[in-house]
Amino acid sequence: MTSAPPPGSDPYPGMTPVASYGPPPTAPSPAGFAGSMLILASLFQVMQGISAVAEDTLYVAGVEYVYALDVATWGWIHIALGVVALAAGIGVLTGRTWAFVVGIILASLASLANFAFLPYYPIWSSIIIAFDVLVIWALSTRFTGRDR
């Protein structure tokens with residue numbers, strides 16, 4: 001027969017107590033995900049803009065619509081948003097509070113710009129909109145207390 005262990009001793013040596021379960025202290029936070037995604041989305045945005053400015057044959061002007069700007073103009077808009085978002089993404093990874101707010105604003109503006117750019121290249125614009133929505137969600141968790 002087995003007797004009970006003396007008080008204060010570990011009844012199961014080598015096992016981790018349930019109370020200490022959870023993410024490891026070095027686990028990536030939603031802020032790390034948000035910063036990485038913001039940098040990735042901004043690089044996509046810059047590449048999209050460079051392709052439009054270079055008068056590549058990738059974008060074909062179709063039917064005129066309300067937001068009828070020249071493709072090169074859209075390219076410069078995407079480049080400007082992408083460069084500033086890249087700086088904000090680096091700021092998010094370094095933990096700057098201003099970068100979280102600027103990142104949410106820039107991801108929102110990039111979503112609107114890509115929505116207006118849908119007639120030129122719908123699939124790519126939709127993918128970047130999806131990235132921007134993920135960035136907004138991840139940056140917003142900082143202010144809801146889930147980033148701790």
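A crossing of two helices is left-handed if the near helix is turned anticlockwise from the far one by less than a right angle, and right-handed if clockwise. Helices here are DSSP runs (H or I, at least four residues), numbered from the N terminus.

The model is a predicted one, so local features need pLDDT of at least 70 and side-chain atom pairs count only at pLDDT 80 or more, while totals for chains, interfaces and linings use all residues. Residues are numbered from 1 along each chain as its sequence is written, and side-chain values use heavy atoms, with hydrogens and water left out.

**How the helices pack**

Two packed helices are described by the angle between their axes and the distance between the axes. The axes are lines fitted to C-alpha atoms, for helices over the stretch in contact, and the angles run from 0 to 180 degrees between N-to-C directions.

| Pair | Angle | Axes |
|---|---|---|
| α1 and α2 | roughly 160° | within 7 Å |
| α2 and α3 | about 155° | 9 Å apart |
| α1 and α3 | about 40° | 11 Å apart |

Angles under 35 degrees count as roughly parallel, over 145 as roughly antiparallel, 65 to 115 as roughly perpendicular and the rest as oblique. With a crossing at roughly 160°, α1 is therefore roughly antiparallel to α2. Their crossing is left-handed. Sorted by class, the contact of α1 with α2 has 21 nonpolar, eleven polar and no charged residues. For these classes, Ala, Val, Leu, Ile, Met, Phe, Trp, Tyr, Cys and Pro count as nonpolar, Asp, Glu, Lys and Arg as charged, and the others, Gly among them, as polar.

Next come α2 and α3, which are also roughly antiparallel to each other and cross in a left-handed way. Contact means heavy atoms within 4.5 Å. On the α2 side the residues include W74, I77 and H78, and they meet a set in α3 that includes W98, A99 and F100. This contact has 17 nonpolar, four polar and no charged residues.

What about α1 and α3? At an angle of about 40°, α1 is oblique to α3, and this crossing is left-handed. Here A31, L38, Q45 and Q48 in α1 meet F100, G103, A110 and N114 in α3. That contact splits into four nonpolar, four polar and no charged residues.

**The cavity**

A cavity is a set of points on a 1 Å grid over the protein atoms alone where a 1.4 Å probe fits but cannot get out, and its lining residues have an atom within 4 Å of a point. Grid points are joined across faces, edges and corners, and a volume is the space filled by probe spheres set on the points.

The structure has one cavity of 30 Å³ or more, and the largest cavity has a volume of about 70 Å³. Its lining includes L38, Q45, L81, L106, A110 and D132. The elements giving two or more residues to that lining are α1 (30-53), α2 (71-93) and α3 (97-116), with α1 giving the most, four residues. By class, the lining has seven nonpolar, three polar and one charged.

Note on methods. 1 Å grid on protein atoms, 1.4 Å probe; cavity = no way out; pocket = protein on both sides within 12 Å on 5 of 7 lines; lining within 4 Å.
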